[in-house]
Structures are given as C-alpha cells and as structure tokens.
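The entries follow the order in which I consulted it.

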Amino acid sequence: MFRLFHNAKVHAMNPATGWTPQATWHSHDMPHPEAILTSDDRIVAVGDYRRLKDMAPLGTERTSLEGKYVLPGMGDGHIHSAIYSRSITEPDMRFCGSLQEALDLLKPFVEKARQDESQTWIFGGQWNANGWDVPVFPDKHSLDSICPDIPMALGSLDWHTLWLNSKALETLGLDRNVKDPDGGTYERDEHGELTGIIREAAGIPIRDGLMQSDVSGNIDDYLPVGQRELLKRGITSIHDIDGTDCLFAYQKLRERGELDIRVHKVLRQEQILDFISRGIRTASGDEWISMGPLKLFADGALGSHTCHMSDPWPGTEDHGMAVTTRDELDHWIHLAASAGIATAVHAIGDQAATEVLDAFEKHQAISRVFGLRQRIEHAQYIKRSDIARFRQLGVTASMQPMHCTADIPMNDFLEDRDLAAYGWNSLRAAGAELVFGSDAPVEDPNPFQGIHAAITRTRHGDAVDGWQPQEIVPRAEAVYYYTHAVARASYEENLKGCLAPGMLADFVAVDRDVFSEDDRAVKDTVVEATVVGAQIRYQRED
C-alpha cells in the first residue's frame, strides 16, 4: 500500500540532503521537503509534494499533516518500559517535598488496597529523600504509621534503594539475622534491627523479582498503557532494560498485532546462559523486536552514595560500592562476547567507569571479531584520562540528559575533583559515540525535555548559562542522539534514524521547529502524530 504524507515541513536529517551529525546542518538555507511517500512500511521518497504526487501510483492514500514539523521517530536508548508502564497507576512520590507529603500521597493507595482483597502488596516509588525539606532517609516506622497491615515496597528515585514497612519485612522473612549480600546492604539501626531501607544487590530480588511479578499486576494489561504514553511523546523505538517477562509481553503484543513501537531488548544476567544455548546474539531478531546487549552493574547510584568513586565522599572513607568485582566483569564480558553478545554495563562513578573500560579493553579483540558495540550506561562521572578511551575502544556512552539537571543539587562534592560530570560535550569532542535516553520511570521519557536538558543544562530553563555549560551539546547533535544514534546503538542505522528512501517510515509530527525554537520552549514541544511503519499509531485529539 502506498501512502503520501503531505502538507508538512520535514526535517529529514539525511546526510545526503544537508545534515551531518556534527551540527553542520544547512536545511534552514534550503526549502523544507513537504511530503513523504511510503510503500508498505518503507519510505519511497522525501521531497516536493507535486513531484511525489506524480510518482505515486493510482490508489495512493493521502494524509495531510496540517503544516506540522516532521522529524525522524524519537528513540529512547535506556528505558525500563515495564516498570514505567506499571508506575503510571502506582504512587509517584518524585514531587514530594517532605516525608509527610510522601506519606500523605500514599494514604489513598493504602485505603484502596484495603478495599481490594486481590491486592496483596502496595508498590510504587520515585521517592527522593535528598529533595525533602529534611534530607534524611526514612524507615519502616514511618510507613507503619499509615500502613501496618499490608506489605509495602517503594523504590527510590533511582531505584537503587528500597523502602519497606514492617509487614513487608515480615512477609519476606527478613529480620536482624539476614546477612548482607555482596554488593548490597540491609540498613540497620543502633540495635541491629532492620530499618526497612535496602540498598543495591540486597534489593534486586524484590525490585527485579517480586515487584515485576504477577503480584504487581498483569504485565499484559499495563504494558499497552505505557506503549500509548511513549507514542504520545513521539517515541517509536526503545532499548528496554527490564526482564524477560517484558520481552514475552512484547512478543504477545506483536502476535496480536498490537505492538506499535520497535523494541531492542537488553538481556538480563540470570537468563544469559539460556540465550547463549539457543544461539541468540546481539542484533538478532527483526525490525520490531531485536536482541540487545547483556546488562551488568558495576556500581550503585548517586542519590544513595553507592556509585563507585576513586575519591571518597567528602568527610568519609566511603568510596561507594562495587556491585560487581573486576573478576566478575571479566568473566561475564568475555562469556558474552565469545557468544556474539555485547555488554552494557551500568557505571555511574568514575572508578566504576575505569574498571569497565579496563574490562572492555581486555576483551577488545573478541568483541571486534563479532562487531560488538559495547556500552557504558549512565557514565555520569568520568576521569579526564578515560574520555579518549571511549573512542579508542569503540565504547558507546549511553547517557540520560535529565539525570544531569535533576542531580544538580547533589553535585556539590565535585567542586575539587577534576572529573567530567555528565560530560556529553567532552565525549563528543573526543569522537566518542553517544546515545541518549531517559531511564524512565526515573525521569519522564519525553525526549523533548531531554533535548532541552542537553542544550541548556537547566531543569526549567531559568538559569542563564546552565550548570557546567561547557558540556552543552549543539542542538542538532542533541536531536541526533535521540534519533540516528539510538538506531546505531541497536545496529539499525541503515533502517531508521533519518528519513530517506529505503528507511522505515517512522516519524513524528510536532507543533514547532525544534531547530529554531527558543531554547526554553523546546521542552514544551507537543507531539501531534506519531507514525511507525507508515501507520499513524498516535494522533493528538483536540
């Protein structure tokens, strides 16, 4: 089937027609293409409406885009789509300014659970003690004051710390006798009793197991809700970080003909041996669902001071936490690479990044044999001496611009440290590959808010220069990191990421020109329509 999308101002972002990813883009000096001709799910031509109308065969369906601006479909290079989908209906405490506000927000959810016998747990998250008026971590007693009778588990903003009530600890069989696992801790009070705060590896069975099981609801029901929200934000492709149940749910959506976004599925450590035994490699699959890299964790997070730093946190001897040892990193990276599977390693602290780069360098030869594109997820703090190594080793920095603007109040400790912090421009200048995402539900997956953060280094556009403005990236580059770079990171740069003949017909129509709009207004971009495979999957209603 042929379809002619017309009455548009198209930013094709095609290097052959005037755009390069180094922000040298002269489309402003040229007439905008105004139409896109598609056949089935592919682009046939982009250009002048009259010319494309003459090319179109009899029976071509015509769709007016009402004079809107068109961009390639947006991608999200790092998203927990199952957790995000579920979080839409769960308590979200990210905007609470105090412990009391968080408890008040939770109370209606407690009452609802008491009236629903099928609800055996209360889950939710995004609490941020660092942003409360009294920035002290909460404990089980505060939750017990509003909910002593139903087990409750709540993830922190970065999901590296869990907050449980006494009923949850009892239900899970956790008491003062439980031992801390490697790379994790159960916080205890002065008497040795559990406080209800669980960090890093200690919380993984709860966060990645219980909270993503049927106890939290049927993933087949809530995943389509999240898909709708992503389309509403102009997202056509994602790199999903969640578990195998999420992969199966997407496969079922596809079988029912209801999958509307393209999924590059990151693989979990606990399933990797099974994937290897079945001969699954990174980039295997098709244009709707493809297999991604193995996900590993090198350290923790900033908010809980568990990211692994070369220098200790001010006033302490605490360097954060190595969640995975160097020997374990070596083992898993080599195992995966030998099977043709790339690795994406969570590393926030600068010491964690160094150790991951060392491990990638050790196994670089086997990675190159299979053409693997190794990744570091987040890469928030990097030693200056390590920046060039990203380019030298071919390691992609998978980063989230809105983490930077959200974390500004917590970055005072950097004052005397010579580190690249959220160093997008430093990495870009060194020739490293970058890809942008949201880490939703930690941040809103809206890519236009992410572009705004990348070009201003401010949360709301209210500062003149932004935080560490030397790391701002050019606007065209920021858009590139949400489009073509996402495609490249999933080995699909010849399929999507720009609008050109032969590419998948994935694009988004928006209400403004993000290349000429005022910096502060970019974050307010409204998606009018999202097209995937030449089909309108979302259209804004007046």
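**Entry 1: a cis peptide bond and a positive phi**

I looked up Pro441 and found its place in the loop between strand S19 (434-436) and helix H16 (447-456). Here helices (H or I, at least four residues) and strands (E, at least two) are DSSP runs, numbered from the N terminus. The model is a predicted one, in which local features need pLDDT of at least 70 and side-chain atom pairs count only at pLDDT 80 or more, while totals for chains, interfaces and linings use all residues. Residues are numbered from 1 along each chain as its sequence is written, and side-chain values use heavy atoms, with hydrogens and water left out.

The peptide bond from Ala440 to Pro441 is cis, with omega near 15°. I then turned to His378, which lies in strand S15 (residues 375-378). The phi of His378 is near 90°, a positive value in a residue other than glycine. I noted for comparison that most residues other than glycine have a negative phi, and that most peptide bonds are trans.

**Entry 2: the sheet of seven strands**

I traced an open sheet of seven strands in the order S3-S2-S1-S4-S20-S21-S22, with mixed pairing. Two strands pair if DSSP finds at least two bridges between them. The edge strands are S3 (42-47) and S22 (535-539), each of which pairs on one side only. The twist from one strand to the next averages 35°; axes are lines fitted to C-alpha atoms, for helices over the stretch in contact, and angles run from 0 to 180 degrees between N-to-C directions.

I followed S1 (residues 2-10) to both of its partners. S1 runs antiparallel to S2 (residues 35-39), and four bridges join the two strands; Leu4 stands opposite Leu37 in S2. With S4 (residues 61-72), S1 pairs in the parallel sense over seven bridges, and Ala8 has Lys68 as its bridge partner in S4.

S21 (residues 527-532) and S22 are antiparallel and joined by four bridges. Val532 stands opposite Gln535 in S22. Helix H7 (residues 219-232) lies across S21 and S22 and runs at about 90° to S22.

**Entry 3: the sheet of five strands**

I found an open sheet of five strands, ordered S6-S7-S8-S10-S9, with mixed pairing. S6 (122-127) and S9 (184-188) are the edge strands, each pairing on one side only. Within this sheet, S7 (residues 152-156) and S8 (residues 161-164) run antiparallel and are joined by three bridges. Gly155 has Leu162 as its bridge partner in S8.

I counted 14 aromatic pairs in the structure. Rings of Phe, Tyr and Trp (its six-membered ring) pair if their centres lie within 6.5 Å; planes under 30 degrees apart count as stacked, over 60 as edge-to-face and the rest as tilted. The rings of Trp127 and Trp163 have centres 5.6 Å apart and planes at 70°, so this pair is edge-to-face. Trp127 lies in S6 and Trp163 in S8, so the pair ties together parts that are 36 residues apart in sequence.

**Entry 4: two helices**

How do the axes of H11 and H13 cross? The axes of H11 (residues 350-362) and H13 (residues 384-393) come within 11 Å and cross at roughly 30°. The two helices are therefore roughly parallel to each other, a label for angles under 35 degrees, with over 145 counted as roughly antiparallel, 65 to 115 as roughly perpendicular and the rest as oblique. Asp350, Thr354, Leu357, Asp358 and Glu361 in H11 meet Asp386, Arg389, Phe390 and Leu393 in H13, contact meaning heavy atoms within 4.5 Å.
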